[in-house]
Amino acid sequence: MRINENTLLEGNQVVLVPYNADHVPRYHEWMKSHELQQLTASEPLTLQQEYDMQRSWREDEDKCTFIILDKQRWADSSVQEEQCMVGDVNIFLTDPSDPSLAELEIMIAEPSYRGRGIGKEVTCMMMSYAVTKLGIQKFEAKIGLDNQVSIAMFKKLHFHKLSMCKVFKEVTLGLTVDDSVRTKLLADTAYMKERDYRQTCSNRQELTSP
Ligand SMILES: CC(C)(COP(=O)(O)OP(=O)(O)OC[C@H]1O[C@@H](n2cnc3c(N)ncnc32)[C@H](O)[C@@H]1OP(=O)(O)O)[C@@H](O)C(=O)NCCC(=O)NCCS
């Protein structure tokens, strides 16, 4: 999607930035991990395929992707952006007849960043962006049955079980954004700031302290 190609979302621990070609080499390194391939149900790609995928995520109208950066590291402009990458978060519009339905995916690729509240923060930020900017009203997450951490996180965020596929060993959790969910989500992410990505890149120290 091009809508977020110059959007930066500033949270407490993270900033979300559009996935661009500079991020691909690190992303490609992450996806060599068998653990991540298994947890995210992904196939390994060549570097060239990863660049093609990045382009398609940027251009296809049914996908919206952000790269998750460590905000404190990124606020130091002497640190290369690639060195601040923590993971990614995606939204897929899976049903052409229902543009209010989105599948959500998140990956905290760097193990040392897991279990620190980042997954929850990023998921809420992405949902808030999707509800307010993309008109999403229903979220789904497809999660491997062995991925207890991810299942626990989405349940904490009030997702509930929609279906289970024993063949793919996968559960689908969902959340409908009614008025009360929307009000709570927007209140929980009221601290989030939307900025111009390119402008902020040349003035990174202006980010507020966590
Ligand atoms: C799943 C994932 C996104 C969770 O993000 P995270 O930053 O590690 O999780 P958080 O610290 O925000 O914790 C969110 C909730 O997850 C659960 N959780 C986190 N770590 C857990 C652990 N080690 N064991 C059990 N539950 C855990 C808790 O319910 C927690 O909420 P709480 O802290 O209020 O109790 C992250 O671990 C990850 O990306 N893992 C690898 C890739 C992956 O599995 N992606 C999901 C594919 S569907």
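## Two loop residues with positive phi

Lys-169 is found in the loop between β7 (160-165) and β8 (170-176); helices (H or I, at least four residues) and strands (E, at least two) are DSSP runs, numbered from the N terminus. Although Lys-169 is not a glycine, its phi is positive, at about 50 degrees. Lys-169 counts as partly exposed because 13 other C-beta atoms lie within 10 Å; a residue is buried with 20 or more other C-beta atoms within 10 Å of its own, exposed with 12 or fewer, and partly exposed in between, the C-beta atoms being placed from the backbone.

Ala-41, also not a glycine, has a positive phi of about 50 degrees. This residue lies in the loop between α2 (34-39) and α3 (47-59). Ala-41 is partly exposed, with 14 C-beta neighbours inside 10 Å.

## Basis of the model

The model is predicted: local features need pLDDT of at least 70 and side-chain atom pairs count only at pLDDT 80 or more, while totals for chains, interfaces and linings use all residues. Residues are numbered from 1 along each chain as its sequence is written.

## Overall fold

The chain contains 8 helices and 9 strands. Its C-alpha trace spans about 50 × 40 × 35 Å along the principal axes. For 210 residues, a compact globule would have a radius of gyration near 17 Å, and the 16 Å of the chain agrees with this; the radius is taken over C-alpha atoms, and the globule rule is 2.2 Å times the number of residues to the power 0.38.

Of the 210 residues, 29% count as buried. Among contacts between residues at least 6 apart in sequence, 63% join residues at least 24 apart, a contact being two C-beta atoms, placed from the backbone, within 7 Å.

## Annotated domain

An unreviewed UniProt entry places the feature "domain: N-acetyltransferase" at residues 34-197; such annotations may be inferred rather than shown by experiment. The span 34-197 is 36% helix and 29% strand, and its end C-alpha atoms lie 32 Å apart.

## Ligand shell

The ligand is surrounded by 21 residues, the closest being Ile-108, Arg-114, Gly-119, Lys-120 and Met-153; a residue is near a molecule if its C-beta atom, placed from the backbone, lies within 6 Å of it. At least two shell residues each come from β5 (101-108), α5 (118-133) and α6 (148-156). The largest share, 6 residues, is supplied by α6.

By class, the shell has 9 nonpolar, 8 polar and 4 charged residues. Here Ala, Val, Leu, Ile, Met, Phe, Trp, Tyr, Cys and Pro count as nonpolar, Asp, Glu, Lys and Arg as charged, and the others, Gly among them, as polar.
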